[in-house]
Amino acid sequence: MLTGGQLAGLIVAVFWAVLVSFVAYTLLRLARLLGEASEVVRDIGEQAGPLLDDMNRTVRRANEQLGRTDVITKQVAGVTQNVSAVTTVMTSVVGGPLVKAAAFSYGVRRALGNTRDGGHSGRPELTGRQNGKGRR
């Protein structure tokens with residue numbers, strides 16, 4: 001049979017064996033985890049290059065389109081100014097004489113209409129209130 005000291009030594013040896021086994025298992029799992037993580041990082045590194053190239057091309061194309069849009073916007077602004085200038089010129093050239101011609105024809109019609117009516121001006125006559133009360 002085992003003595004007390006031998007039993008204690010056996011328990012300590014079993015305890016250390018279990019502890020070493022647990023630590024070895026944990027380290028083995030950690031090694032697998034680190035291996036998988038390194039594979040993921042390697043895959044990401046391999047895919048990052050082409051992705052960055054695609055992004056670079058996309059940004060360059062977007063800058064080209066923005067440059068074209070800027071040119072088009074400037075051209076539209078120039079066209080707008082030209083249309084405004086043409087409108088102003090047309091209004092002053094055509095609008096003035098048309099207004100004068102319309103006013104002249106209106107005056108002629110009124111003058112001819114007054115001679116037919118017997119000299120009435122065609123204006124309504126103002127009549128005072130019959131009861132003599134004004135505005136208060």
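**View 1. Lys74 and Asp70 form a salt bridge, with their closest N and O atoms 3.7 Å apart.** A salt bridge here is a side-chain nitrogen of Lys or Arg within 4 Å of a carboxyl oxygen of Asp or Glu. This is a predicted model, in which local features need pLDDT of at least 70, side-chain atom pairs count only at pLDDT 80 or more, and totals for chains, interfaces and linings use all residues. Residues are numbered from 1 along each chain as its sequence is written, and side-chain values use heavy atoms, with hydrogens and water left out. Lys74 and Asp70 are separated by about one helical turn because they sit 4 residues apart in helix H1. Lys74 counts as exposed at 58% relative accessibility, while Asp70, at 40%, counts as partly exposed. On this scale, buried means under 20% relative accessible area, exposed over 50%, and partly exposed in between (1.4 Å probe, protein chains only).

**View 2. Arg57 meets Asp54 in another salt bridge.** Here the closest N and O atoms are 3.1 Å apart. Both residues lie in helix H1, 3 residues apart, or about one turn of the helix. Arg57 is partly exposed, with a relative accessible area of 39%, and Asp54 is partly exposed too, at 37%. How many salt bridges does a search of the whole structure find? It finds 2.

**View 3. Phe15 and Trp16 bring their rings together as an aromatic pair.** Rings of Phe, Tyr and Trp (its six-membered ring) pair if their centres lie within 6.5 Å; planes under 30 degrees apart count as stacked, over 60 as edge-to-face and the rest as tilted. By this rule the count comes to 1 aromatic pair. Phe15 and Trp16 are edge-to-face, 6.0 Å centre to centre with 70° between the planes.

View 4. Patches are made of residues with over 30% relative accessible area and no salt bridge: like charges are joined within 9 Å, nonpolar side chains (Val, Leu, Ile, Met, Phe, Trp, Tyr) within 5 Å. Leu34 is found in helix H1 and is exposed, with a relative accessible area of 54%.

**View 5. Glu36, Glu39, Asp43 and Glu46 gather in a patch of negative charge on the surface.** Asp and Glu count as negative, Lys and Arg as positive, and His and the chain ends are not counted. The place of a charge is taken as NZ of Lys, CZ of Arg, CG of Asp or CD of Glu. Glu39 lies in helix H1, which covers residues 4-117, and is partly exposed at 46%.

**View 6. The whole protein has 1 helix and 0 strands.** Helices (H or I, at least four residues) and strands (E, at least two) are DSSP runs, numbered from the N terminus. Buried residues make up 0% of the 136 residues.

Notes:
Areas by Shrake-Rupley, 256 points an atom, 1.4 Å probe, with all protein chains shown as cover.
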